Amino acid sequence: QVQLVESGGGLVQAGGSLRLSCVASGSGFRINAMGWYRQAPGKERELVAAISRGGTPYYADSVKGRFTISRDNVKSTLYLQMNSLKPEDTAMFYCAASYSAYVGDPDYWGQGTQVTVSS
């Protein structure tokens, strides 16, 4: 079992920055791909960014150039640096982890951390 705990969400003005963290505990050493999803009210959950165990990133078009995903495998921690935030980034952000190289169907989810961007 793996437990994922997110932190770092909050309220920020448009143009501001936030850094999300996700700590994996339990059998975290077996985790391969990790990612960040978000879900806004009334919308489906969407993959924002993902990263392989080796550090290869993927970004959704909507966040390219603004968000940076990274991970520290020693600390079993995933990060999401979010810059130039927009009101449309407001959502619950979820950390996800997969035993495979594909995070599109995660094995584990965190409980979520709220990000609210005011205009």
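Mentor: Strand β2 (residues 10-13) pairs with β11 in the parallel sense, over four bridges, and please keep in mind throughout that the model is predicted.

Trainee: What makes β2 and β11 a pair of strands?
Mentor: Two strands pair if at least two bridges are found between them, and β2 and β11 have four bridges. One of the residue pairs concerned is Val12 with Val117, the latter being the bridge partner in β11.

Trainee: How do you know that β9 and β11 pair as well, and in which sense?
Mentor: Three bridges are found between β9 and β11, in the antiparallel sense, and the requirement is at least two bridges. Here Phe93 has Thr113 as its bridge partner in β11.

Trainee: Why is Met92 called partly exposed?
Mentor: Met92, which lies in strand β9 (residues 91-97), has a relative accessibility of 25%. Buried would need a value under 20% and exposed a value over 50%, so Met92 counts as partly exposed at 25%.

Trainee: Which residues does Met92 touch, leaving aside those up to four places away in sequence?
Mentor: Met92 touches Tyr37, Arg38, Gln39, Gly112, Thr113 and Gln114.

Trainee: What makes Cys22 and Cys95 a disulfide?
Mentor: The sulfur atoms of Cys22 and Cys95 are 2.1 Å apart, and the cut-off is within 2.5 Å, so the pair meets the definition. A search of the whole structure finds one disulfide.

Trainee: Why is this disulfide called left-handed, and which parts does it tie together?
Mentor: The torsion about the S-S bond of Cys22 and Cys95 is about -75°, and the disulfide is therefore left-handed. Because Cys22 lies in strand β3 (residues 18-26) and Cys95 in strand β9, the pair ties together parts that are 73 residues apart in sequence. Cys22 is buried, with a relative accessible area of 0%, and Cys95 is buried with a value of 0%.

Trainee: How do you know that Arg38 and Glu46 form a salt bridge?
Mentor: The closest N and O atoms of Arg38 and Glu46 are 2.7 Å apart, and the limit is within 4 Å, so the pair counts as a salt bridge. Arg38 counts as buried at 7% relative accessibility, whereas Glu46 is partly exposed at 34%.

Trainee: How many salt bridges does the count come to?
Mentor: The count comes to four salt bridges. Among them is the one between Asp89 and Arg66, whose closest N and O atoms are 2.7 Å apart. This pair links distant parts of the chain, with Asp89 in the loop between β8 (77-82) and β9, and Arg66 in the loop between β6 (57-59) and β7 (67-72), 23 residues apart. Both Asp89 and Arg66 are buried, and salt bridges that share partners join Arg38, Glu46, Arg66 and Asp89 into one network.

Trainee: What makes Tyr94 and Trp109 an aromatic pair, and why is it edge-to-face?
Mentor: There are three aromatic pairs by the count. Between Tyr94 and Trp109 the distance is 6.5 Å centre to centre, with 90° between the planes; the cut-offs are centres within 6.5 Å and, for edge-to-face, planes over 60 degrees apart, so both labels apply. Tyr94 lies in strand β9 and Trp109 in strand β10 (residues 108-109), and the pair therefore ties together parts that are 15 residues apart in sequence.

Trainee: What is found over the ring of Tyr94?
Mentor: The charged end of Arg45 sits over the ring of Tyr94, 3.8 Å from its centre. Ring pairs also link Tyr94 with Tyr37 and Trp109 into a cluster.

Note on methods. Residues numbered from 1 in each chain as written. Predicted model: local features only at pLDDT ≥ 70, side-chain atom pairs only at ≥ 80, totals over all residues. Heavy atoms only, no water. Helix = DSSP H or I, 4+ residues; strand = E, 2+ residues; numbered from the N terminus. Buried < 20%, exposed > 50% of the residue type's maximum accessible area, 1.4 Å probe, protein only. Contact = heavy atoms within 4.5 Å. Salt bridge = Lys/Arg side-chain N within 4 Å of Asp/Glu carboxyl O. Phe/Tyr/Trp six-rings, centres within 6.5 Å; stacked < 30°, edge-to-face > 60°. Lys NZ or Arg CZ within 6 Å of the ring centre and 35° of its normal.
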